[in-house]
Amino acid sequence: AVAAAEKEVAFLDAPLSGGQVGAENGQLTIMVGGDEPIFKRVEPIMDCYAKAITQIGPVGAGQLAKMVNQICIAGLVQGLSEGLHFAKRSNLDVPKVMQAISKGAAQSWQMENRWETMAENEFEFGFAVEWMRKDLGIALDEAKRNGATLDMTKVVDQYYADVQKMGGSRWDTSSLIARLEKSD
């Protein structure tokens with residue numbers, strides 16, 4: 001932003017959420033940091049590939065919102081992994097369990113879109129573990145700076161490190177279940 005301003009060029013930070021499928025279908029979520037007038041000028045362009053665009057605050061706010069997104073996804077995927085693992089170990093009919101709970105308070109995008117592939121140990125559908133670890137590392141570094149407590153994020157980051165040790169650096173983030181079921 002500083003370098004752009006020195007050259008009298010407008011700048012926004014605008015990280016995305018929604019992955020490859022969201023990009024292919026024009027269904028991304030965009031979190032924008034920057035000046036409102038600049039945002040309003042480029043919003044129609046972003047609208048071509050997004051389902052939701054939110055101007056969060058000044059430059060940098062978009063990146064911070066993306067950190068929040070990744071922190072939340074990490075926790076959701078770990079919870080879903082443990083729930084699926086528990087259901088399997090309890091000899092429950094996993095599709096029936098997911099049908100029942102996916103319409104209640106446990107519902108999430110991860111559950112709706114990933115439980116079946118997770119249950120089948122198929123991890124070639126989205127954002128890679130190595131990219132998530134990069135993003136979680138950025139969030140953990142920012143937490144050191146701003147004093148936020150991210151205990152669960154630290155743990156899940158280490159779980160993703162375990163997945164990497166299993167050869168899963170390029171598996172999608174739903175592969176957290178693999179570390180729970182590696183001995184099954």
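Visitor: Before anything else, what does buried mean here?
Guide: A residue is called buried when its relative accessible area is under 20%, and exposed when that area is over 50%, with partly exposed lying in between. Please also keep in mind throughout that this is a predicted model.

Visitor: Then take Arg179: is it buried or exposed?
Guide: Arg179 has a relative accessible area of 17%, and because the cut-off for buried is under 20%, Arg179 counts as buried. In the fold, Arg179 belongs to helix 9, which runs over residues 176-181.

Visitor: Which side chain does Arg179 have a polar contact with?
Guide: The partner is Asp162, whose side chain is joined to that of Arg179 by a polar contact of 3.3 Å.

Visitor: And what else does Arg179 touch?
Guide: Leaving aside residues up to four places away in sequence, Arg179 touches Gln78, Tyr159, Val163 and Met166 as well as Asp162.

Visitor: Stepping back, how many helices and strands are in the protein chain?
Guide: There are nine helices and three strands in the protein chain, and along the sequence they follow the pattern α-β-α-β-α-β-α-α-α-α-α-α. The C-alpha trace spans about 60 × 35 × 30 Å along its principal axes, and 40% of the 184 residues count as buried. Of the contacts with a separation of 6 or more, 60% are between residues 24 or more positions apart.

Visitor: What is the mean pLDDT of the chain?
Guide: The mean pLDDT is 95, and 99% of the residues reach 70 or more. Among the elements, helix 8 (residues 151-165) has the highest mean, at 98, while helix 2 (residues 19-24) has the lowest, at 83.

Visitor: Changing topic, what is the volume of the largest pocket?
Guide: The largest pocket has a volume of about 880 Å³. Its lining is made up of 37 residues, and those nearest the centre of the pocket are Ser17, Gly18, Gly19, Asn69 and Ile73.

Visitor: Which element supplies the largest share of that lining?
Guide: Helix 4 does, with eight residues. Several elements supply at least two lining residues each, among them strand 1, strand 2, helix 6 and helix 7. By residue class, the lining divides into 14 nonpolar, 17 polar and six charged residues.

Visitor: And what lines the second largest pocket?
Guide: That pocket holds about 160 Å³ of space, and the residues lining it are Gly19, Gln20, Val21, Glu24, Glu124, Phe125, Gly126, Phe127 and Trp131. Helix 2 gives the largest share of this lining, four residues, and helix 2 is also the element with the lowest mean pLDDT. By class, the lining of the second largest pocket comprises four nonpolar, three polar and two charged residues.

Visitor: Back to helix 6, then: which of its residues are buried?
Guide: The buried residues of helix 6 are Gln110, Met111, Arg114, Trp115, Thr117, Met118 and Ala119.

Visitor: What about Ser108, where does it lie?
Guide: Ser108 sits in the loop between helix 5 and helix 6. With a relative accessible area of 10%, Ser108 is buried, and a polar atom of its side chain lies 3.0 Å from the backbone nitrogen of Met111.

Visitor: And which residue with a positive phi follows helix 6?
Guide: Helix 6 is followed by Asn121, with a phi near 55°.

Note on methods: Residues are numbered from 1 along each chain as its sequence is written. This is a predicted model: local features need pLDDT of at least 70, side-chain atom pairs count only at pLDDT 80 or more; totals for chains, interfaces and linings use all residues. Side-chain values use heavy atoms; hydrogens and water are left out. pLDDT is the predictor's confidence in each residue, from 0 to 100. On a 1 Å grid over the protein atoms alone, a cavity is a set of points where a 1.4 Å probe fits but cannot get out, and a pocket is an open set with protein on both sides within 12 Å along at least five of seven lines; lining residues have an atom within 4 Å of a point. Grid points are joined across faces, edges and corners, and a volume is the space filled by probe spheres set on the points. Ala, Val, Leu, Ile, Met, Phe, Trp, Tyr, Cys and Pro count as nonpolar, Asp, Glu, Lys and Arg as charged, and the others, Gly among them, as polar. Buried means under 20% relative accessible area, exposed over 50%, partly exposed in between (1.4 Å probe, protein chains only). A polar contact is a pair of N or O atoms within 3.5 Å; within protein, one must be able to donate a hydrogen and the other to accept it, and residues adjacent in sequence count only if both atoms are side-chain atoms. Contact means heavy atoms within 4.5 Å.
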